[in-house]
Amino acid sequence: MTSLRIENVVATGDLDIQINYSDVLDSVDLPHLRYDPDIHQGLELRFSEEGPLVTLYATGKYIIRAPSLELLSETREETLNLFSEIGLLDDAQDVAFKINNVVGSGSIGREVDLAPIEKDLAIGETAYDPDNFPALRCKLDEHDATVLLYRSGKVIITGADSVEDAQVAYEDFQSALDELFNVEHQ
């Protein structure tokens, strides 16, 4: 099995202030800065053209979507510093920040028949309906994460609230599969 590769991290924060979008739009020059209430109620910004997306709401809450924990942390710091520089915040601090979802991918290294796994995997609640979705879904009992296993052997972990939890969920899922495969071959 390959190691887990982090694909996306989503976190939320709260500045504990009301935001006037005009103050931001008039004060900031970034590669991506967009507010279109017909499409979305949040102000979107990026510090680089393809960089992590920050969505700021009038309530002072914000969401950051980044491809890694490192970029998430850097983007949070850049966001808080920017809001401090333009006078929205007295200091570059938020009152709350939490990782909500870590998405990772990996592989078990071989193709698998998913139907028997649905019935025999004893690590969580499983569902496989190939007419509606091409992967086996497994909501793990011991983790907040959900695992998607595709016939190709590709594995997606979603719903973990930390990189460590995603990694442990991935390892536990692999152990359960190994146990199941070893039982099948005896």
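**Close-up views of a predicted model**

**View 1. A surface patch of negative charge.** In this predicted model, Glu125, Asp141, Glu142, Glu171 and Asp172 gather on the surface in a patch of negative charge. One of these residues, Asp172, belongs to helix H4, which spans residues 163-184, and its relative accessible area of 30% makes Asp172 partly exposed.

**View 2. The aromatic pair of Tyr21 and Tyr35.** The count of aromatic pairs comes to three. Among them, Tyr21 and Tyr35 form a tilted pair, with 4.4 Å from centre to centre and 45° between the planes. This pair links distant parts of the chain, since Tyr21 is in helix H1 (residues 21-27) while Tyr35, 14 residues apart from it, is in the loop between strand E2 (32-34) and strand E3 (43-46). Tyr21 counts as buried because its relative accessibility is 10%, under the cut-off of 20%, whereas Tyr35, at 30%, counts as partly exposed.

**View 3. The aromatic pair of Phe133 and Tyr150.** Phe133 and Tyr150 also form a tilted aromatic pair, for which the centre-to-centre distance is 6.3 Å and the angle between the planes is 50°. Here too the pair links distant parts of the chain, with Phe133 in the loop between strand E7 (124-127) and strand E8 (135-140) and Tyr150 in strand E9 (residues 146-150), 17 residues apart. Phe133 counts as partly exposed at 22% relative accessibility, and Tyr150 likewise counts as partly exposed at 22%.

**View 4. The salt bridge of Arg34 and Glu44.** Five salt bridges are counted in the model, including one between Arg34 and Glu44, whose closest N and O atoms are 2.9 Å apart. Because Arg34 lies in strand E2 and Glu44 in strand E3, the pair ties together parts that are 10 residues apart in sequence. Arg34 is partly exposed, with 36% relative accessibility, while Glu44 counts as buried at 11%.

**View 5. The salt bridge of Asp94 and Arg76.** The side chains of Asp94 and Arg76 meet in a salt bridge with an N to O distance of 2.6 Å. Asp94 lies in the loop between helix H2 (69-85) and strand E6 (96-107), and Arg76 lies in helix H2, so that this pair ties together parts 18 residues apart in sequence. Asp94 is buried, its relative accessible area being 13%, whereas Arg76 counts as partly exposed at 26% relative accessibility.

**View 6. The salt bridge of Glu7 and Arg5.** Glu7 forms a salt bridge with Arg5, and the closest N and O atoms are 3.7 Å apart. With 31% relative accessibility, Glu7 counts as partly exposed, whereas Arg5, at 55%, counts as exposed.

Note on methods: Residues are numbered from 1 along each chain as its sequence is written. This is a predicted model: local features need pLDDT of at least 70, side-chain atom pairs count only at pLDDT 80 or more; totals for chains, interfaces and linings use all residues. Side-chain values use heavy atoms; hydrogens and water are left out. Patches are made of residues with over 30% relative accessible area and no salt bridge: like charges are joined within 9 Å, nonpolar side chains (Val, Leu, Ile, Met, Phe, Trp, Tyr) within 5 Å. Accessible areas come from the Shrake-Rupley method with a 1.4 Å probe; for residues, only the protein chains shown count as cover. A salt bridge is a side-chain nitrogen of Lys or Arg within 4 Å of a carboxyl oxygen of Asp or Glu. Lys and Arg count as positive and Asp and Glu as negative; His and the chain ends are not counted. The place of a charge is taken as NZ of Lys, CZ of Arg, CG of Asp or CD of Glu. Helices (H or I, at least four residues) and strands (E, at least two) are DSSP runs, numbered from the N terminus. Buried means under 20% relative accessible area, exposed over 50%, partly exposed in between (1.4 Å probe, protein chains only). Rings of Phe, Tyr and Trp (its six-membered ring) pair if their centres lie within 6.5 Å; planes under 30 degrees apart count as stacked, over 60 as edge-to-face and the rest as tilted.
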